[in-house]
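Please read it alongside the sequence and coordinates shown below.

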Amino acid sequence: MARVHLDKIIKALRGKIGGLVFRLMPDGSIVVSSAQRSRKGKGTPNQKAYWNGTFKDRVQWAKWAHKHYPIYEELAADLPMVNAYNLAIKDISYPPVIYRILRVDGRILVNAWDEILVAGVRVLVHDEHGKLVESSDAIQFEKDWWEYTPQAEGKVSAFVWDLPGNRARIELEG
């Protein structure tokens, strides 16, 4: 891929010419790259399933979300050559990450991260038989840290979700 800064005739080029593809980027530059070669065959069953199901659903959600959640526009404004739709696709493609869960001074602390936004953290407390005793949302007290003060003792777990609804779960050992 090469970046070109040429005269008005070249700047007017768009699309495929021979084996080259001309793309106008959001910053006004033109990127010239070689055209993708066509593949023989129709892809594996897993590739077809991904394209026909999961990816199409992600695209549909991202088309809706980048218009309805202003956070995507706000973040895209600070990034070069990235738009809100790209961020929405990336967000729905990757779940949030829980780095750790700690019990400190009677509080439960959850360290969770998502590239766009962790929408919420729920802490669950189960008794020794696995019966749910307590369940409530944690409160964010620092950028990637969430806090909850349980009223009951027991086995603690937490799950985290982001704007598209991707979830991650962790259990406190011991």
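The sections below treat the conventions, the helices, the strands and a few individual residues in turn.

## Basis and conventions

This is a predicted model, in which local features need pLDDT of at least 70 and side-chain atom pairs count only at pLDDT 80 or more, while totals for chains, interfaces and linings use all residues. Residues are numbered from 1 along each chain as its sequence is written, and side-chain values use heavy atoms, with hydrogens and water left out.

Helices (H or I, at least four residues) and strands (E, at least two) are DSSP runs, numbered from the N terminus. Buried denotes under 20% relative accessible area, exposed over 50%, and partly exposed the range in between, with a 1.4 Å probe and protein chains only. Contact means heavy atoms within 4.5 Å.

## Helices H2 and H4

Helix H2 covers residues 45-68. The expected span of a helix is 1.5 Å times one less than its number of residues. For the 24 residues of H2 this gives 34 Å, and the end C-alpha atoms are 34 Å apart, so the two values agree. The buried residues of H2 are Arg58, Val59, Trp61, Ala62, Ala65 and His66. An α-helix has 3.6 residues a turn, so residues three or four places apart point the same way. The cover over the buried residues of H2 includes H3 and H4.

Helix H4 spans residues 84-93, and its buried residues are Ala84, Leu87, Ala88, Ile89, Asp91 and Ile92. Among the elements that cover them are H2, helix H3 (70-77) and strand E11 (155-162). At the start of H4, a side-chain oxygen of Asn83 comes to within 3.2 Å of the backbone nitrogen of Tyr85.

Two strands are said to pair if DSSP finds at least two bridges between them.

Between E5 and E6 (residues 107-113) there are 7 bridges in the antiparallel sense. Val104 stands opposite Arg107 of E6.

## Strand E7 and its partners

Strand E7 (residues 118-126) is mostly covered, with 7 of its 9 residues buried. E7 pairs with E11 in the antiparallel sense over 8 bridges, and Val118 stands opposite Asp162 in E11. A further 5 bridges join E7 to strand E8 (residues 132-137), again antiparallel. In E8, Glu134 is the bridge partner of Val125. The hairpin of E7 and E8 has 5 residues between the strands, and Gly130 in this hairpin takes a positive phi near 90°.

Ser157 lies in strand E11. Ser157 counts as buried because its relative accessibility is 3%. Its side chain makes a polar contact with that of Arg169 at 3.2 Å. A polar contact is a pair of N or O atoms within 3.5 Å; within protein, one must be able to donate a hydrogen and the other to accept it, and residues adjacent in sequence count only if both atoms are side-chain atoms. Neighbours within four places in sequence aside, Ser157 touches Ile101, Arg122, Val123, Leu124, His126, Arg169, Ile170 and Glu171.

## Leu20 in strand E3

Leu20 belongs to strand E3 (residues 20-24) and counts as partly exposed because its relative accessibility is 39%. Leu20 and Val32 are 12 residues apart in sequence, and their C-alpha atoms are 6.5 Å apart in space. Not counting residues up to four places away in sequence, Leu20 is in contact with Gly15, Val32, Ser33 and Ala35.

Most residues other than glycine have a negative phi, and most peptide bonds are trans. Met81, which is not a glycine, has a positive phi of about 60°. Met81 lies in the loop between H3 and H4, and its relative accessibility of 30% makes it partly exposed.

Asp105 also has a positive phi, near 50°. Asp105 is placed in the loop between E5 and E6. With a relative accessible area of 73%, Asp105 is exposed.
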